Amino acid sequence: MKSSKESIEIEDFGAGSKHLGKTRPIPSILKTSSSIGKYGEFLYQVCKHYKFKNTLEFGTSLGIGSSYMALGNKGGTITTIEACENTRKLALNNFKSKEINNIKSIHSTFSEYLNNIKNEQFDLIYIDGHHDGEALLSYMEKLQNYSHSKTMFILDDIRWSDSMLNAWNIIKKSPQYSFSLDLFRFGIVIPAIEENKANYTLSL
Ligand SMILES: C[S@@+](CC[C@H](N)C(=O)[O-])C[C@H]1O[C@@H](n2cnc3c(N)ncnc32)[C@H](O)[C@@H]1O
């Protein structure tokens, strides 16, 4: 994908891109909208260590983050949601060419998915799309019904905008989560793994 000469037409269901227009070259999507490098490796290691059974990802894009998580724990299942069908098709090709079989890709907006979801419980929830603070707070609220006391929530781009940082601060302070870890780009919260509330900040 780094050397691809192709561009695709994007349907934007999120907060938009700071740098890219509607027609986007694949290498630019890879560079600006994917969990490449240390962020992908972090997702891989977290999944390898915790062996989550059920993972939910909001925002598939080219499938880079999904692939890291799926390869980190081949015994788990990743459900990944993407509303832009042109982007999703590229992700499906990537999963196929790398023979990654533990990813379930769903073509939907996050809201539609949350309106239709039934009887699911996720151990890891990675929210990486629609970087708007109010939207993030609303997704987090709705996802309470599909998580448990030890579910790990990884929130991407918590410093993307003032509204995202504001939402992160609200989430971090909320009594709903006993643990928070601020990695500058990622914010991580878990409902109940600490007896007393613990907030950590660490540079990744
Ligand atoms: C930052 S990219 C995801 C990167 C990917 N998680 C990774 O780790 O490589 C965000 C993706 O979310 C999708 N998206 C944004 N808002 C959405 C929404 N409301 N519903 C569904 N998909 C959305 C965009 O189309 C985009 O492909």
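Analyst: Axes are lines fitted to C-alpha atoms, for helices over the stretch in contact, and angles run from 0 to 180 degrees between N-to-C directions. Helices (H or I, at least four residues) and strands (E, at least two) are DSSP runs, numbered from the N terminus. This is a predicted model: local features need pLDDT of at least 70, side-chain atom pairs count only at pLDDT 80 or more, and totals for chains, interfaces and linings use all residues. Residues are numbered from 1 along each chain as its sequence is written.

User: At roughly what angle do the axes of α6 and α7 cross?

Analyst: Two packed helices are described by the angle between their axes and the distance between the axes. Here α6 (residues 133-143) and α7 (residues 162-173) cross at roughly 30°, and their axes come within 7 Å. Contact means C-beta atoms, placed from the backbone, within 7 Å. On α6, the residues include Leu 136, Leu 137 and Met 140; on α7, Ala 167, Ile 170 and Ile 171 are among them.

User: Which residues come nearest the ligand?

Analyst: A residue is near a molecule if its C-beta atom, placed from the backbone, lies within 6 Å of it. Gly 14, Ser 35, Gly 59, Gly 65 and Gly 129 come nearest, of 20 residues around the ligand. Both α3 (64-72) and β4 (77-82) supply at least two residues of the shell.

User: Where is Lys 53 found?

Analyst: Lys 53 lies in the loop between α2 (38-50) and β3 (54-58). Leaving aside neighbours within four places in sequence, Lys 53 is in contact with Gly 76 and Asp 123. The C-alpha atoms of Lys 53 and Ile 171 are separated by 24 Å.

Notes
Two residues are in contact if their C-beta atoms, placed from the backbone, lie within 7 Å.
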